[in-house]
Amino acid sequence: MITKKIEIQLKNGLEARPVAVLVQVASQYNSSIYVECENRKVNAKSIMGMMTLGLTTGEEVVVSANGDDEEKAMDEIVKYLSTANA
């Protein structure tokens, strides 16, 4: 299992469309992927769960991935959340 602290760089934070894209990215991998913020931990493959976090630009989250493709999954999640123009 790997974990990383990430600052959300998406221009409009994680509103509906960016959440949908994040869920699509996470769902490509077999690994379990979770996003944690302020004592709330949700499955990154759950659109409803991710929406409940209400994440904004500049907010820090902890992403964890566990499974056979965890490193590749983590790289893609970090890349997406760290992109200002996504």
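This is a predicted model: local features need pLDDT of at least 70, side-chain atom pairs count only at pLDDT 80 or more; totals for chains, interfaces and linings use all residues.

Visitor: Which residues is Ser64 in contact with, leaving aside its neighbours within four places in sequence?

Guide: Here you look for heavy atoms within 4.5 Å. For Ser64 the list is Met1, Ile2, Thr3, Ser32, Ile33, Tyr34, Lys41 and Met74.

Visitor: And which strand is Ser64 found in?

Guide: Ser64 belongs to strand E4, which covers residues 60–66.

Visitor: How do I read the sheet around that strand?

Guide: Strands of a sheet pair through backbone hydrogen bonds, either parallel or antiparallel. In this model, four strands make an open sheet in the order E1-E4-E2-E3, and the pairing is antiparallel. Strand E1 (2–7) and strand E3 (40–43) are at the edges with a single partner strand each, so one side of each has no neighbour in the sheet. On average, neighbouring strands are turned by 25 degrees against each other, direction ignored.

Visitor: How many bridges join E2 to E4?

Guide: Five, with strand E2 (residues 32–37) running antiparallel to E4. If you want a pair to click on, take Glu36, whose bridge partner in E4 is Val62.

Visitor: Which helix lies across E1, E2 and E4?

Guide: That's helix H3, residues 70–81. For its direction, compare the axes: H3 runs at about 5 degrees to E1. Met74, one of the contacts of Ser64, falls within the residue range of this helix.

Visitor: Now zoom out for me. In what order do the elements of the chain run?

Guide: From the N terminus on, you read β-α-β-β-α-β-α. That gives three helices and four strands in the chain.

Visitor: What does the radius of gyration tell me about this chain?

Guide: You set the value against what a compact globule with the chain's number of residues would have. For 86 residues that would be near 12 Å, and the chain has 11 Å, which agrees. Along the principal axes, the C-alpha atoms fill a box of roughly 30 × 25 × 20 Å.

Visitor: What percentage of the residues is buried?

Guide: Buried residues are 40% of the 86 in the chain. As for contacts with a separation of 6 or more, 69% are between residues 24 or more positions apart. The accessible surface is about 4,800 Å², and carbon and sulfur atoms account for 46% of that.

Definitions and conventions: Residues are numbered from 1 along each chain as its sequence is written. Side-chain values use heavy atoms; hydrogens and water are left out. Helices (H or I, at least four residues) and strands (E, at least two) are DSSP runs, numbered from the N terminus. Two strands pair if DSSP finds at least two bridges between them. Axes are lines fitted to C-alpha atoms, for helices over the stretch in contact, and angles run from 0 to 180 degrees between N-to-C directions. The radius of gyration is taken over C-alpha atoms; the globule rule is 2.2 Å times the number of residues to the power 0.38. Buried means under 20% relative accessible area, exposed over 50%, partly exposed in between (1.4 Å probe, protein chains only). Accessible areas come from the Shrake-Rupley method with a 1.4 Å probe; for residues, only the protein chains shown count as cover.
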